[in-house]
Amino acid sequence: MSMVETDIPRAGRRELPSLDDLDRQIGHALQLDGRAPFARIAEVLGVSDQTVARRYTKLRSGGLVRVLGLTEPEVLGETVWFLRVQATPDAAVPIGRALTRRTDTSWVAMVAGGTEVSAVARSGAEADSQGDLLLLRDLPRTRGVLGVHAYCQLHQFFGGAQGLVLKSGMLSPEQVAALAPPPAEPPGEPVVLAPDDHRLLEVLAREGRTPVAELAAATGWSPSTVRRRMAELRANGALYFDVDSSHQLYGLSSRVGLWLSVPPSGLVATGEALAAHPEVAFACATTGAANLFAIAVCRDTAALYAYLTGPVARLPDVRQVETFAMIRTLKGPGPYVPPR
């Protein structure tokens, strides 16, 4: 689950709608299957489909929930890079905004202190791909950049289709089983997308619940072809549906990045333990001295302190922990940009 942040002053924010457990249950259900029919969700939750549709419209129009159809880089044979860009105080925001305009970045955020920009970039297998140019050519030569550190993702322990909302406990195990689609089965080789797939993915990245009729119009396919191709891409793991949720929906307000240093012998056990923590929205192994990266989301700073001094402190193989607050998100998931 991607936690939406805003820099709108509090006095200028639109008043949020009142929220209850049914809203949170709908969010949980959509994380399990972003294209589940409202009638199916309603049956599992024991309410009417009109109620689910009305609640979803409230959440969607209020900017609290958005379903996105996203691609899984590992299944497509892409490499994920985590970037930490140190900059002069006057250059950090312009550099962050410039990174958001690039087609090879999928996430950009300002870090507390205002002199560091964090970003995620994806690159293909080709040596001259745009992602590699970002890492090796463009950033180091940018005015105001003092340093660039790049870490390659080696293994993902939690994230992608596994959103933080799945840890909310809003649905019972029986309800989860009734709503969850069959697990994806990625093939041994990278999935190659056909040219026509990109039009489908572009639309789904903007709105994952786009009706089949609109997807057919955008792609030029028949509705049956749209349904069949979406099912194929979901079955092989190339396409998944994520819920981009505001922290207000679940009462969370503190989000931090964690860089942990772990010896190779303890990396798997530590990564799996970290991924099981209710506070962890994302966890992966990376290259570098700090070889385990995670994003933790807590109710407030007191809860964050309790998490760091409790569950994190009890991980036996962690040698060092660096934390940094994410104060402003400049770019989140989507839109999909076809490779060049």
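A salt bridge is a side-chain nitrogen of Lys or Arg within 4 Å of a carboxyl oxygen of Asp or Glu. This is a predicted model, in which local features need pLDDT of at least 70 and side-chain atom pairs pLDDT 80 or more, while totals for chains, interfaces and linings use all residues. Residues are numbered from 1 along each chain as its sequence is written, and side-chain values use heavy atoms, with hydrogens and water left out.

Q: How far apart are the closest N and O atoms in the salt bridge of Glu232 with Arg229?
A: Helices (H or I, at least four residues) and strands (E, at least two) are DSSP runs, numbered from the N terminus. Glu232 and Arg229 lie 3 residues apart in helix H9, so about one helical turn separates them. Their closest N and O atoms are separated by 2.9 Å.

Q: Is Arg229 buried or exposed?
A: Buried means under 20% relative accessible area, exposed over 50%, and partly exposed in between (1.4 Å probe, protein chains only). Glu232 has 34% and is therefore partly exposed. Arg229 has 18%, so Arg229 counts as buried.

Q: Which residue forms a salt bridge with Asp197, the closest N and O atoms being 2.7 Å apart?
A: Asp197 forms this 2.7 Å salt bridge with Arg229. The pair links distant parts of the chain, 32 residues apart, with Asp197 in helix H7 and its partner in helix H9. Both residues are buried. The partner of Asp197 is Arg229.

Q: In which helix do Asp196 and Arg199 both lie?
A: Their side chains meet in a salt bridge of 2.9 Å, N to O. Asp196 is partly exposed at 33%, and Arg199 is partly exposed at 35%. The two are 3 residues apart, about one turn, within residues 195–206, which form helix H7.

Q: How many salt bridges does the structure hold?
A: Side chains of opposite charge can pair when their charged atoms come close. One network of salt bridges links Asp20, Asp23, Arg55 and Lys58. The count for the structure is 16.

Q: Which residue in S11 is the bridge partner of Met110?
A: Two strands pair if DSSP finds at least two bridges between them. Strand S4 (residues 105–111) and strand S11 (residues 320–331) pair in the antiparallel sense, over 4 bridges. Met110 is bridged to Arg328.

Q: Which residue in S11 is the bridge partner of Val256?
A: S11 also pairs with strand S8 (residues 254–261). That pairing is antiparallel and has 6 bridges. In S11, Val256 is bridged to Ala325.

Q: How far apart in space are Ile327 and Val111, C-alpha to C-alpha?
A: Ile327 is in strand S11 and is partly exposed at 48%. Ile327 and Val111 are 216 residues apart in sequence. Their C-alpha distance is 5.7 Å.

Q: How many disulfides are there?
A: A disulfide is a pair of cysteine sulfur atoms within 2.5 Å. Cys284 is buried at 0%. Its closest cysteine sulfur, in Cys152, is 9.4 Å away, so the two are too far apart for a bond. The count of disulfides is 0.

Q: What volume does the largest cavity have?
A: On a 1 Å grid over the protein atoms alone, a cavity is a set of points where a 1.4 Å probe fits but cannot get out; a pocket is an open set with protein on both sides within 12 Å along at least five of seven lines; lining residues have an atom within 4 Å of a point. Grid points are joined across faces, edges and corners, and a volume is the space filled by probe spheres set on the points. There are 2 cavities of 30 Å³ or more. The largest has about 50 Å³.

Q: Which strand supplies the largest share of the lining of the largest cavity?
A: The lining includes Phe82, Trp107, Trp259 and Phe324. Strand S3 (79–87) and strand S5 (116–123) each supply at least two residues. The largest share, 3 residues, comes from S3.

Q: How many charged residues are in the lining of the second largest pocket?
A: Ala, Val, Leu, Ile, Met, Phe, Trp, Tyr, Cys and Pro count as nonpolar, Asp, Glu, Lys and Arg as charged, and the others, Gly among them, as polar. This pocket, of about 820 Å³, is lined by 30 residues, with Ala161, Pro183, Ala184, Gly237 and Tyr240 nearest its centre. Helix H1 (21–32) and strand S6 (145–158) are among the elements that each supply at least two lining residues. By class there are 17 nonpolar and 8 polar residues, and the charged ones number 5.
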